[in-house]
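Work through the exercises below with the sequence and the 3D structure at hand. Each task is followed by a solution in steps.

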Amino acid sequence: MTTGSLTAGRTRFRLPRKQIPVLATLALLLVMYGIGVSQYTAFSNVQVIFNVFIDNGFLLVVAVGMTFVILTGGIDLSVGSVVAMTAMVSAALLRDGMPPALVLVIALLIGPTLGLLMGCVIHFFEIQPFIVTLAGMFFARGMCTFISGASIPITDGFWTRMSQERIGDPQGNFVSISVLIAFVVVAIAAYALAYTRLGRNVYAIGGNPQSALLMGLPVGRTRIAVYTISGLCSAIGGILLSFYTLSGAPLIAVGMELDVIAAVVIGGTVLTGGAGYIFGTVLGVLVLGVIQTLITFDGSLNSWWTKIVIGSLLFAFILLQRLIGIRYK
Amino acid sequence: MNDTMGRYRTVIGHRLFWPAAVLIVMLAANTIYRPGFLSIEVKDGHLYGTPIDILRLSAPLILVALGMTLVISTGGIDLSVGSLCAISGAIACMYISKQPDQNSLGVVLTALAMALGVSLVLGAWNGVLVAVIGIQPIIATLILMVAGRGLAQLITEGQIITINSEPYRAIGLGHMLTLPLAIFIALAAALLVAAFTRRSALGMIIESVGGNAEASRLAGIRSGRIVFLVYVLSAGCAAIAGFMMTANVSSADGNAAGLWVELDAILAVVIGGTSLAGGRFFLSGTIIGALIIQTLTTSVYAMDISPQTSLLFKAVVVIAVCLIQAPAFRARFSRRRRNVPPPATTADKPKEQVPA
């Protein structure tokens, strides 16, 4: 800011350029919320916002993992399938009478293991993340139907309790436990990115892998770590989804990776890596959630409008990032 | 001795050797599993049999993969092809379903022209994003992949549009010279693309753009125009594939048509030996790659395994093929076993996986 005021008085009000995409997302969110409130009286209920979190808690967790990957300049296409596989494995193991605690441990181990493997292949054999995670996507989706061709309901006591427990305020507004878990994940991830060595390495690799390597940063370890983190987040997301739907279905969360990537990009994270915040990702997920809520409130619009609107927003934000990139280069 | 070894190495070293070997092994494994696999019979003057089916069903994939090959050889990727298949099929079926005489050839041709036109415009949109605005291809085409499904559903109003049009049905199920028409369409497209790219300098120009777009531009090649062109072409191929897919079932489903075809197409291109990094492309390899994928799908069906589970096999094939191609992986192996040619040691993998 001081340099800005030194060089030219006119640019005193210039926004810090790194924050422009996040601020744009925030503005968009406020505008959309404003439209909602002005059009529908019920939209101003606090519960509407809470519901956005309840319906998108799992998406938020997965998007947090994806933010790490995209910050290093990579991409993880396997997330949707890993979410489905986790839900499916949990449902199948619970059906077979395994104790819930053990099921949680197993379910939470599969995702990161797959992520670790993919990270190793990406790093050691120098194969593009896109194709490796594509294979991971095929693999996890194939595993889903391998486990069962039909959806498996979950009747376990712990799961139903997690699903139905309401944490509310005196006005009767409530959130689910999944939302709290999602917030914990967000908080840990935001802390890790901002204040830990791992976080700085992630930004450094995304900014310029060669420089990071020359600086002696552990490029390989960090790169493998982000795919493992993404796998872990997908596994947590899968558990949350199974809390939400109380079942495991082989075709659940198809195409979710695209929603997740869209949320991260709309949240201001640059796809070439190096710039972005967890806070932006939270905003991105909220934007997607509010779009869906608006479309539900409208009633006359169909669900495919969601896809078209998400696509248009994706375009707008990528264009914005590109324009910012060109102007300041 | 040296001479035979040399000849052996030339054969092994040929870029089509491993894809072709995999295809042959797969066909052989299928024949062992089901002795009637390769038999072809004549019914009503048409040839029938599993090999013919594989050829017919792989036609849409071959088309999509042809476009994808050129896109990938410029160092790009086109994720929107599946959505484009859905859109083109939806437009064609929607138009035909609204006409009084669905069997009129004029109606069908108008429908095809309309759908193809829209697809080319959408391809041009992709091209502008990548070539003019300079957005990463995977992201630029992601937009249309997400929004395109919505568009397809918008066109069909969320319904599955069923039509009853003989000329349209023929695109998917018709016959010519005892063989399915779809095979000829795919073959014609392949020959056309091959003629344009290999009989003129176009192919070389595309490869040079893929190798280094900036250097090509400085050397006087209009890189931007070439990149734009390949996305338009890819969209055109996807549109025709979309006609075939919808004609096969005489209905358009905005949600399901062409689902995951982009991944199959990318897989076909990679199996065919075209590197995802761009700079080289092999059309014949892509066609063999598409045949491998369709054979894999057909064999998995034949074993009473659910279609979704075939993804598991595809995952193994993708990773195996990529590892074989990866210089880092080859280097690791050749360091350990210097006397054996690297591809020979690593390429056993897909062979083992396929019959499993």
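**Exercise 1: a threonine in chain B**

Task: Which residues does B:T286 touch, not counting residues up to four places away in sequence? Is B:T286 buried or exposed?

Solution. The model is a predicted one.
Step 1. With residues up to four places away in sequence left out, B:T286 touches B:A65, B:L66, B:T69, B:A268, B:V269, B:G272 and B:T274.
Step 2. The residue itself belongs to helix 13 of chain B, residues 283-302.
Step 3. The cut-off for buried is under 20% relative accessible area. B:T286 has 1% relative accessibility, so B:T286 counts as buried.

**Exercise 2: a loop residue**

Task: Where does B:I135 lie, and what is B:I135 in contact with, leaving aside its neighbours within four places in sequence?

Solution.
Step 1. B:I135 is in the loop that runs between helix 5 (105-133) and helix 6 (137-155) of chain B.
Step 2. Its relative accessible area is 5%, so B:I135 is buried.
Step 3. Apart from neighbours within four places in sequence, the contacts of B:I135 are A:I318, B:L129, B:V130 and B:A140.
Step 4. As a distance check, the C-alpha atoms of B:I135 and B:A241 are separated by 26 Å, with the two residues 106 apart along the chain.

**Exercise 3: the interface**

Task: Describe the contact between chain A and chain B by residues, area and polar links.

Solution.
Step 1. On one side 37 residues of chain A take part, in contact with 46 residues of chain B.
Step 2. About 3700 Å² is buried between chain A and chain B, and carbon and sulfur atoms give 83% of this area. A:F125, A:F138 and A:W304 lose the most area in chain A, together 19% of what that side buries.
Step 3. Between the two chains there are zero salt bridges, and one residue pair is in polar contact.
Step 4. Helices 5, 6, 12 and 14 of chain A each supply at least two residues of the side that touches chain B. Helix 6 of chain A gives the largest share, 13 residues.
Step 5. By class, this side of chain A has 28 nonpolar, five polar and four charged residues.

**Exercise 4: the core**

Task: Which residues touch the most other members of the largest nonpolar core?

Solution.
Step 1. The core has 202 residues, and A:F68, A:I127, A:F130, A:I131, B:Y168 and B:I266 touch the most other members.
Step 2. Helix 3 of chain A (residues 46-71) gives the most to this core, 16 residues.
Step 3. Beyond its neighbours within four places in sequence, B:I266 is in contact with residues including A:F130, A:I131, B:M68 and B:L276.

Notes. Residues numbered from 1 in each chain as written. Chains lettered and ligands numbered in written order. Predicted model: local features only at pLDDT ≥ 70, side-chain atom pairs only at ≥ 80, totals over all residues. Heavy atoms only, no water. Contact = heavy atoms within 4.5 Å. Buried area = accessible area lost by both parts, 1.4 Å probe. Salt bridge = Lys/Arg side-chain N within 4 Å of Asp/Glu carboxyl O. Polar contact = N/O pair within 3.5 Å; in protein donor to acceptor, adjacent residues only side chain to side chain. Helix = DSSP H or I, 4+ residues; strand = E, 2+ residues; numbered from the N terminus. Nonpolar A, V, L, I, M, F, W, Y, C, P; charged D, E, K, R; others polar. Core = buried A, V, L, I, M, F, W, Y, C linked by side-chain atoms within 4.5 Å. Buried < 20%, exposed > 50% of the residue type's maximum accessible area, 1.4 Å probe, protein only.
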